[in-house]
Amino acid sequence: MNKITALYCRLSQDDMLAGESNSITNQKEILLKYAQDNNLPNPQFYVDDGWSGTNFNRPDFMRMIDDMKDGKIGIIITKDLSRLGRDYLMTGQFVEIIFPEHDIRYIAINDNVDTQRSVDDMMVFRNVFNDFFARDTSKKIKAVFKAKGQAGKPLTAHPIYGYKKSETDKNVWEIDEEAAEVVRRIFRLCIEGYGPGKMANILSEEKILIPTAYSVTKGYAKASREIKDPTRWYNTTISWILGSIEYLGHLANFKTYRKSYKCKKQLRKPKDEWLIFENTHPAIISQHDFDLVQEIRSHRRRPQRFEDPNPFSGIAYCADCGSVMRLSRSVSLSPTQENLKCGKYADRTDSCTAHFIRTCVLEELVLTEVNNLLDEVHDDEDVFVNAAMEHSVSAHLEEAKKAKKTLAKYDKRIAELDRLFTKIYEDNALGKISDERFEQMSKGYEEEQKKLKEDSEKLRKFVDDTEQKSSDVNRFIEIVRKYESISKLTPEIMHELIERIVIHAPDKSSGHREQEVEIHFRFNVASVSIVLDSRDYDMKRLRSA
């Protein structure tokens, strides 16, 4: 069997700038003529059009390497060394190690390289120059992208799912209604209490095209690889959509970076390093719905095995340790037996107490209070607005005051740890404590200080957000107007109207069970504290507003 003479052609977008000399057609003509003139057997083309020389995972290059490993190829020919690749390390590895190991004769026509004769000493320098060209091109492209990104123009080749390019200006995004409706539905499902995994299953079952398949079908983009299942959604895609501020009508540039022009993996930048331009295109999602979804998603939940989402998920908290209350639900429990208990207690029973409360009792309690608040708003909006404004301001001030007090305590301990570390360092240097003891103590101090600094950073952000946060009673009123009376609590209603529910530990000192529950409505417009009495579950209201 005559082994294949592989005629490999490669062209990238950067190479196109050099004109016709590097075109695929020109390369094919040169390679085929060389093979014919030298009577090389069984010539076959392997072509990668539009692929960078720094990327060695090119489709036809990989196919050629697979054929080589299977013993089908005897000779590989390229127009020059840069067609094989522009990474001098990888190119040198193929020419000097991998090809000889598989008895491959390699020829680079224009660079006068033929490994059957000898390895050209200048080949090493040519590979370095080819690599330098790729590095220089990368710098120029980065400079162009930086200028474009700083000017508020999109850096992505194609608009994100839900948008399309304007017919008059490719840098302007317009809403693609068909895809935008799927985006709106994803946000609605999240507000209704569904997690990314469940949403992905719903969209997959309905055979809705995934974003990549949709873009290819519409002609917005070309598929870089085969899409095996165009209607199989994944929770990572859902999570990405739910976190994209582009759906608010804002453009976020410089969200990712690469460590080097040779590394193709994109890494995520911290949000404070993004460059955001507001109101650059029409919004698909309202600010209220987007903020609500981010708040819901900030409370990471375990996947739900039941069809009906838990309305208290991410809203109910333990009064003592602050952890999220965890739902106890199973097929063996009736609806009246389902309950919430402290999440920390569920993990370790010695870390807190159960704070046990049945969901049916809590649902009845919350439903009553929500309808009471709706009645107050509908009876006299002006009176409610004035009371809500006053309560919101005082609540924000109180929260900020507590946070600042805790922050001062953390800062004091951090400074104290610095002094302690300095002291034990001096003691170790003077021989007062052993190296082993020094290492043990310093490690403990460093771990404690690291945790305090992390907590301090979160507190500072909380204080900043709280001080900047103003009462948005009007937004709350708009939400309330949607409801006349509520007969059943849903996750959507809960997240729209209630910020958090605080469950206190039961008190049995009076001879029967009493338990306090706090309900804090959104935007701090109102809060209610109720004591549940186990004898008849009468609700003794102790209103704080």
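**Exercise 1.** Is C321 buried, partly exposed or exposed, and what is its relative accessible area? Then determine how many disulfides the model contains.

*Solution.* The structure is a predicted model. The relative accessible area of C321 is 26%, and since buried means under 20% and exposed means over 50%, C321 is classed as partly exposed. For the bonding step, the closest cysteine sulfur to that of C321 belongs to C342, at 3.4 Å; because a disulfide requires two cysteine sulfur atoms within 2.5 Å, this pair is too far apart for a bond. Applied to the model, the rule gives a count of zero disulfides. As a further cysteine to classify, C190 has 2% relative accessibility and therefore counts as buried.

**Exercise 2.** Describe the partners of strand 17 and how far the strand is covered.

*Solution.* Beginning with strand 16 (residues 498-503), five bridges join it to strand 17 in an antiparallel arrangement, where I498 faces F521. Strand 18 (residues 527-533) also runs antiparallel to strand 17, through seven bridges, and V517 stands opposite I530. The hairpin of strands 17 and 18 has five residues between the strands, and F523 takes a positive phi near 60° there. Finally, strand 17 (residues 514-521) is mostly covered, with six of its eight residues buried.

Terms used
Residues are numbered from 1 along each chain as its sequence is written. This is a predicted model: local features need pLDDT of at least 70, side-chain atom pairs count only at pLDDT 80 or more; totals for chains, interfaces and linings use all residues. Side-chain values use heavy atoms; hydrogens and water are left out. Buried means under 20% relative accessible area, exposed over 50%, partly exposed in between (1.4 Å probe, protein chains only). Helices (H or I, at least four residues) and strands (E, at least two) are DSSP runs, numbered from the N terminus. Two strands pair if DSSP finds at least two bridges between them.
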